[in-house]
Amino acid sequence: MTTHDVIAVSVLEQRLFPVDAWPLHMFYDELAQPDTRWYLAAEGSEGIVGYAGLMCIEPIADVQTIAVVPEYEGRGIGTTLLTRLIEEARRRYAADLLLEVRADNPRAQQLYLRFGFEQIHVRPGYYRDGVDALIMRLQLTGDAAQDSGKETSKEKGDEASTEAGQP
């Protein structure tokens, strides 16, 4: 993702997450911190159809956001975005990758579980509409990380449209 993508991403953000959408300036602020942040956008024939972001302050990485427009769900975009975030977290030597996901979004939760994330906590009323956030962790180092972050080929066609945690 570049600063040229921010307007289109912000429009999608407002559409996909009307209650918890990040303000426009937040995307610019995130992109201005390349030492600790990394964002990417997925493009389709109609422009940007998904995006994701990572914050990494060693030894912890955090999925800041991940989203796919509903019309493009089920095409592997969410899986690809998450795979790239995991790879970048490892490249930045993170020991753990964390995220928050809405308790009422089982599709997203299943995507994360397939990648080896485990629920470690609940943040009651985390989202503006009062929905709880499930905190999930993927261990990237140690014995638990041997097969984590890999999804079986049988599962690769399924996706989620979700936003993981908002500041």
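R123 stands opposite A133 in strand 6. That contact belongs to a sheet, so let me start there, with strands taken as DSSP E runs of at least two residues and helices as H or I runs of at least four, numbered from the N terminus. Strand 5, residues 118-123, and strand 6 pair in the antiparallel sense over five bridges. Pairing here takes at least two DSSP bridges between two strands. On to strand 4, residues 96-102: seven bridges join it to strand 6, again antiparallel. L98 has R137 of strand 6 as its bridge partner.

A word on the source. This is a predicted model, in which local features need pLDDT of at least 70 and side-chain atom pairs count only at pLDDT 80 or more, while totals for chains, interfaces and linings use all residues. Residues are numbered from 1 along each chain as its sequence is written, and side-chain values use heavy atoms, with hydrogens and water left out.

How enclosed is strand 6? Five of the seven residues in strand 6, residues 133-139, are buried, so the rest of the structure largely encloses it. Buried means under 20% relative accessible area, exposed over 50%, and partly exposed in between, with a 1.4 Å probe and protein chains only.

Now confidence. pLDDT is the predictor's confidence in each residue, from 0 to 100. The protein chain has a mean of 88, and 84% of its residues reach 70 or more. A contact means heavy atoms within 4.5 Å. Where pLDDT is low, the predicted coordinates should not be read in detail.

Stay with helix 4. Its buried residues are A108, Q109, L111, Y112 and R114. They pack against strand 3 (60-68), helix 3 (77-91), strand 4 and strand 6. After helix 4 comes G116, with a positive phi near 100°.

Next, the aromatics. How many aromatic pairs does a search of the whole structure find? Five. The rings are those of Phe, Tyr and Trp (its six-membered ring); they pair if their centres lie within 6.5 Å, with planes under 30 degrees apart stacked, over 60 edge-to-face, and the rest tilted. W22 and Y39 are edge-to-face, 6.5 Å centre to centre, with 65° between the planes. W22 sits in the loop between helix 1 (6-16) and helix 2 (24-31), and Y39 in strand 1 (residues 37-44), so the pair ties together parts 17 residues apart in sequence. Both W22 and Y39 are buried.

F27 and Y51 are also an edge-to-face pair: 6.1 Å centre to centre, 85° between the planes. Here F27 lies in helix 2 and Y51 in strand 2 (residues 47-57), so parts 24 residues apart in sequence are tied together. F27 is buried at 0% relative accessible area. Y51 is buried at 0% too. W22, F27, Y39 and Y51 form one aromatic cluster.

Two charges over rings. The charged end of R75 sits over the Y72 ring, 4.2 Å from its centre. For R102, the ring is that of Y127, at 5.0 Å. The test is NZ of Lys or CZ of Arg within 6 Å of the ring centre and within 35 degrees of the ring normal.

Last, the backbone. A cis peptide bond joins E58 and P59, with omega about 15°. P59 is in the loop between strand 2 and strand 3. Y93, in the loop between helix 3 and strand 4, has a positive phi near 65°. At 62% relative accessibility, Y93 counts as exposed.
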